[in-house]
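Me: Got a model open here and want to go through a few local features. Can you take them as I ask?

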Amino acid sequence: MDNRRIGLFDSGLGGLTVMKELMALLPNESIVYFGDTGRIPYGSKSVNTVIKYTKSDINFLNTFDLKAIIAACGTVSSIALPHLRGAYDVPIMGVVASAARAAARATKNGCIGVIGTAGTIRSGAYRKILAKENPVLRTVAVACPLFVHLVEGGFATKEAARLVAEEYLAPIRESGADTLILGCTHYPLLRQVITQVLGEHVTLINPGYSAALEIKEKLASADMLAETPAHDQYRFYVSDDPADFTRLGSVFLERPIEGLAEQVDIEQYL
């Protein structure tokens, strides 16, 4: 038993889709979430900048008594975490490896699509892990930068999202992929539109669910699951004005979080 919190961070709102899965799978766990809303997006930043931002995010979370940290960001998981292995005492996991393993198990025809930010796709992280899982797998990767803006603008189920998805997902459809990794934590909110474009026969892999399932297994095997939640079970911090975060965050989590987010000066943790 370990009632310490789990730390979770993202460049902004997307990591809340991971938190939602954690809340469902691990209802007794207490979670502290940091969204770097003042420096978003990470997906278009240089490798050095993503690493620098990731370090400050982890440094902030380490001011809490945590038993694990999840980088709930595809860009951070792909670009920064490989450079930071062993740099911290608290275990840190991303969302890439668990999703890749889930996709390798799910595919029937050996062709897997990957969509994500420009940084995630450029890193080739999913392709590398999938090749280790099974060298004969074929991977088709496409950057979909506008998807984040569509989700945060409230257009996830609108015609505009479908038109953009038709353009972005054409190479995935043409490849014949039967499995698609939603390689950015915003993308599960586009599940309906993506399925309309690709068809119901394509299995969608949600990295948030895969990561939540994996950390549940790891905590259970180490006897570190929480027995009871803290009185303030869920805490939220952002690096910019909390107003938009709490408004959109309530949509991401499907529960109200107004008044629960606090702003922090993340620059002091560089």
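**Helix α11**

Reply: In α11, Pro207, Gly208, Ser210, Ala211, Ala212, Glu214, Ile215 and Leu219 are buried (under 20% relative accessible area, with exposed over 50% and partly exposed in between; 1.4 Å probe, protein chains only). Helices (H or I, at least four residues) and strands (E, at least two) are DSSP runs, numbered from the N terminus. This is a predicted model: local features need pLDDT of at least 70, side-chain atom pairs count only at pLDDT 80 or more, and totals for chains, interfaces and linings use all residues. Residues are numbered from 1 along each chain as its sequence is written, and side-chain values use heavy atoms, leaving out hydrogens and water.

Me: What comes after α11?

Reply: Aspartate 223 follows α11, with a positive phi near 55°.

Me: Switching to β1. Which strands does β1 run parallel to?

Reply: β1 (residues 5–10) is parallel to β3 (residues 66–71), with five bridges, and to β2 (residues 31–35), also with five bridges. Strands pair if DSSP finds at least two bridges between them.

Me: And what stands opposite glycine 7?

Reply: Isoleucine 69 in β3, and valine 32 in β2.

Me: Is β1 enclosed or open?

Reply: Largely enclosed by the rest of the structure, because six of its six residues are buried. Arg5, Gly7 and Phe9 point one way, and Ile6, Leu8 and Asp10 the other.

Me: How many disulfides?

Reply: Zero in the whole structure, a disulfide being a pair of cysteine sulfur atoms within 2.5 Å.
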